[in-house]
Amino acid sequence: MNNRMELNFLACPQNESFARVAVAAFAVQLSPTLPEMADIKTAVSEAVTNAIIHGYRGWTPEKGGMVYLKAEYDQRHVLTVSIRDEGCGILDVKQAMQPFYSTGEGSERSGMGFCVMQTFMDAVEVDSAPGRGTTVTMRKYILGEIGLRQERILDEIG
Amino acid sequence: MQQAKALQDRVTVVLAGELDHYTASQIRAQLDEILQDPTLNHLVLDMGNLTFMDSSGIGVLLGRLRILQMRGGSLSVKNMQPPIAKLFRLTGMHRVITVLDEFKGGQSE
């Protein structure tokens, strides 16, 4: 079956944990393995953190920047998570997605956020422009325990 | 961060809970307080009780590595749980930070 959920929350660091746990709880319906669950949590954490520290850079909590999160899955067990902010946007998306690239000078950012998202999910799309905010859409095929069993059987029969 | 054990110029710190952007500043400050002791050159992070880490945590580790390297020291980690070991491996951190034990549930390379 198909399913869908949406969450809107204030762009504050306390909500990073809330967001990743919420998406993981939603994804449980696909019976993911523990490593798949960890991948989802890590990728969501990266995208939400980017929205908060880069998208809304320089914003105060009083200004009320919001993060808009949507998650859905379909009959193929493809989980899609999109995370949108209405912040400053990205001037050069290609450059921003390069490993070790960071605009957070002096703040010990690793510059690995997009790299982690791309590694832990199967597809990552970024839609952004200066002053227009950013939407990160990530997809992951959830193999789950059924897929692992299938792999074991295939190994057995050679 | 739960405890610190110092032996000569080496200190072992046990990290617990989650290391993300929200918790990074507190953990960074606590580690830097420990590293204010100029006799400590080698920091070992026991990550056995760390249940989550993302790239914000990598930033914290790389920052401490830089401090320690400037005084001729080193940063090592041990007891990483599988998801954190995977993050470490896939981001190449195992090439710059010493892993003192085998990755749990994952390949070391």
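Me: Is Gly72(B) buried or exposed?
Reply: Look at its relative accessible area, which is 58%. The scale calls a residue buried under 20%, exposed over 50% and partly exposed in between, using a 1.4 Å probe and protein chains only. Gly72(B) therefore counts as exposed.

Me: What should I know about this model before we go on?
Reply: It is a predicted model, in which local features need pLDDT of at least 70, side-chain atom pairs count only at pLDDT 80 or more, totals for chains, interfaces and linings use all residues, and side-chain values use heavy atoms, with hydrogens and water left out. Residues are numbered from 1 along each chain as its sequence is written, while chains are lettered from A and ligands numbered from 1 in the order in which they are written.

Me: How far apart in space are Gly72(B) and His42(B)?
Reply: First place Gly72(B): this residue is in the loop between α2 and β4 of chain B. Helices (H or I, at least four residues) and strands (E, at least two) are DSSP runs, numbered from the N terminus. Gly72(B) and His42(B) are 30 residues apart in sequence, yet C-alpha to C-alpha the distance in space is 8.8 Å.

Me: In what order do the elements of chain B run?
Reply: Chain B has three helices and five strands. Start at the N terminus and walk along, and the order is β-β-α-β-α-β-α-β.

Me: What percentage of contacts in chain B join residues at least 24 apart?
Reply: Contact here means heavy atoms within 4.5 Å. Take the contacts in chain B between residues at least 6 apart in sequence. Of these, the share joining residues at least 24 apart is 66%.

Me: Which residues of α3(B) are buried?
Reply: For chain B as a whole, 50% of its 109 residues are buried. In α3(B), the cover over the buried residues includes α2 and α4 of chain A as well as β3, α2, β4 and β5 of chain B. The buried ones are Ile84(B), Ala85(B), Leu87(B), Phe88(B) and Arg89(B).

Me: At what angle do helix α2 and helix α4 of chain A cross?
Reply: Two packed helices are described by the angle between their axes and the distance between the axes. Axes are lines fitted to C-alpha atoms, for helices over the stretch in contact, and angles run from 0 to 180 degrees between N-to-C directions. For α2(A) and α4(A), the axes come within 9 Å and cross at roughly 150°.

Me: Why is α2(A) called roughly antiparallel to α4(A)?
Reply: Angles under 35 degrees count as roughly parallel, over 145 as roughly antiparallel, 65 to 115 as roughly perpendicular and the rest as oblique. The crossing angle is roughly 150°, which makes α2(A) and α4(A) roughly antiparallel.

Me: How many nonpolar residues are in the contact of α2(A) with α4(A)?
Reply: On the α2(A) side are Asp39(A), Thr42(A), Ala43(A), Glu46(A), Ala47(A) and Asn50(A), and they meet Gly113(A), Phe114(A), Val116(A), Met117(A) and Phe120(A) of α4(A). Ala, Val, Leu, Ile, Met, Phe, Trp, Tyr, Cys and Pro count as nonpolar, Asp, Glu, Lys and Arg as charged, and the others, Gly among them, as polar. Sorted this way, the contact has three polar and two charged residues, and the nonpolar ones number six.

Me: How are the rings of Phe9(A) and Phe18(A) arranged?
Reply: Rings of Phe, Tyr and Trp (its six-membered ring) pair if their centres lie within 6.5 Å, with planes under 30 degrees apart counted as stacked, over 60 as edge-to-face and the rest as tilted. By this rule there are three aromatic pairs over all chains. The centres of Phe9(A) and Phe18(A) are 6.0 Å apart and their planes lie at 90°, so the pair is edge-to-face.

Me: Where is Ser31(A)?
Reply: Ser31(A) has a positive phi of about 50° although it is not a glycine. With a relative accessible area of 47%, Ser31(A) is partly exposed. Its place in chain A is the loop between α1 and α2.
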